[in-house]
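Let us walk through a structure by question and answer. Keep the view open while you read.

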Amino acid sequence: MITDVEMTADAERPAPALASPAPARAGRRPYRLVRSRWTLPVLVFLGFFFVIPLGTNIWRSVATGDALTAGPFVFYAKLLGDAYYVGILAETLKVGAIATLLCLVLGYPVAYFMVRHAGRWNALIVFLLIAPLLTSIIMRTFGWRVLLARKGPVTLLLHDWGLIARPANLADDPVAVYVALVHVLIPFMVLSIVAVLQQVDRRLEESSRVLGAGPLATFLRITLPLSLDGVATGCILVFVVANGSFLTMLLLGGGKVTTLSVLIYQQFNVAQDTGFAAAMGNLLLFVALICLAIQARFLRRNGVKA
């Protein structure tokens, strides 16, 4: 039987101290994937195949040809001061913008279907999307020339349906350029959007429907805003790649679509004015850098570290 004295002694006995966590090691090294010396091959590769060619291209645009006598920025002044070249720059941006818009309008429904409804067919859709990227660009472009020729299957089908009055060579129409660009660039848009849509919590959409919102309202207020990061990434990729495409404009459109990339090809191979061609290439690179800066600003605004 426990007496009052024993109970008092137990109450006055100090409680055992809790075990304190082990102190962190002093001078603990930060986590690293590899040692610093393993980055040397990567730096050498980037130096030889990126930094040096880029620097050479910049030097060629300010220190060769007319730049030696008329000033280092004569080619850039010609590009930005001549109405013809300003029009070509505007045409380049227009082609990129239209191709981007078409890829977005056509690609978003495909991406949404892949994430929400494709199921076991998802792998097949991905294969069909990237199949154009596995084919030579020359073969793809000549394939469109065959399909859109005067007696091609697409032209004859449109004529049979009464959509065109008589068979025509659609391959020489500017529309053919946009068709070919969308054909090869839409995978960049779809896969960029898919990667973000897969991370959207479906319970948010279900909550919206439970609270009375319809399918369209749920999409506009929940799904679309949460997928804007993927939309922005896809738009930047498509726009930049479309601005640099030139073989599609050479073989399709009948020469009616002229962009800076086509002029660069002509300056290198016909006029052989490498300084002027280098200045055009640097201008395209500057446009691409602006697009990347806009994307980084957009991602930071949405709380994502770029």
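**Rings, helices and a loop**

Student: How many aromatic pairs does the structure hold?
Tutor: This is a predicted model. Rings pair if their centres lie within 6.5 Å. The number of aromatic pairs in the structure is 8.

Student: Is the pair of F246 and Y265 stacked or edge-to-face?
Tutor: A pair of aromatic rings is described by the distance of the centres and the angle of the planes. For F246 and Y265 the centres are 5.4 Å apart, and the planes stand at 25 degrees. Planes under 30 degrees apart count as stacked. So the pair F246 and Y265 is stacked.

Student: How many residues apart in sequence are the parts that this pair ties together?
Tutor: F246 lies in the loop between helix 12 and helix 13 (247-251). Y265 lies in helix 14 (residues 260-271). The pair therefore ties together parts whose separation in sequence is 19 residues.

Student: What does F246 count as, by relative accessibility? And Y265?
Tutor: Buried means under 20%, and exposed means over 50%. F246 has 32% relative accessibility, so F246 counts as partly exposed. Y265 has 35%, so Y265 also counts as partly exposed.

Student: Which residues do ring pairs link into a cluster?
Tutor: Look for rings joined by pairs. The cluster consists of F75, Y84, Y85 and F276.

Student: Which residues in helix 14 are buried?
Tutor: The cut-off for buried is under 20% relative accessible area. In helix 14, the buried residues are L260, S261, V262, L263, I264 and Q267.

Student: Which residue just after helix 14 takes a positive phi?
Tutor: Step just past the end of helix 14. The phi there is about 55 degrees, and the residue is Q272.

Student: How many helices and strands are there in the protein chain?
Tutor: Buried residues make up 32% of the 306 residues in the chain. As for elements, the chain has 15 helices and 0 strands.

Student: Is helix 5 parallel or oblique to helix 12?
Tutor: Helix 5 (residues 83-116) and helix 12 (residues 228-244) have axes 8 Å apart, at an angle of about 140 degrees. An angle over 145 would count as roughly antiparallel. That makes helix 5, relative to helix 12, oblique.

Student: Which residues of helix 12 meet helix 5?
Tutor: Helix 5 passes helix 12 in a right-handed crossing. Helix 5 brings residues including T92, L93, G96 and Y108. By class, this contact has 11 nonpolar, 4 polar and no charged residues. The helix 12 side is V231, C235, V238, F239, A242 and N243.

Student: Are helix 9 and helix 12 roughly parallel or antiparallel to each other?
Tutor: Their axes come within 7 Å and cross at roughly 160 degrees. Angles over 145 count as roughly antiparallel. Helix 9 and helix 12 are therefore roughly antiparallel.

Student: Is R166 buried or exposed?
Tutor: R166 sits in the loop between helix 8 (153-160) and helix 9 (174-197). The relative accessible area of R166 is 59%, so R166 is exposed.

Student: Which residues does R166 touch, not counting those up to four places away in sequence?
Tutor: R166 and R150 are 16 residues apart in sequence, and 9.3 Å apart from C-alpha to C-alpha. Contact means heavy atoms within 4.5 Å. With that exclusion, R166 touches R150 and H159.

How values were computed:
Residues numbered from 1 in each chain as written. Predicted model: local features only at pLDDT ≥ 70, side-chain atom pairs only at ≥ 80, totals over all residues. Heavy atoms only, no water. Axes fitted to C-alpha atoms, helices over the stretch in contact; angles between N-to-C directions. Helix = DSSP H or I, 4+ residues; strand = E, 2+ residues; numbered from the N terminus. Parallel < 35°, antiparallel > 145°, perpendicular 65-115°, else oblique. Left-handed = near helix turned anticlockwise from the far one by under 90°. Nonpolar A, V, L, I, M, F, W, Y, C, P; charged D, E, K, R; others polar. Phe/Tyr/Trp six-rings, centres within 6.5 Å; stacked < 30°, edge-to-face > 60°. Buried < 20%, exposed > 50% of the residue type's maximum accessible area, 1.4 Å probe, protein only.
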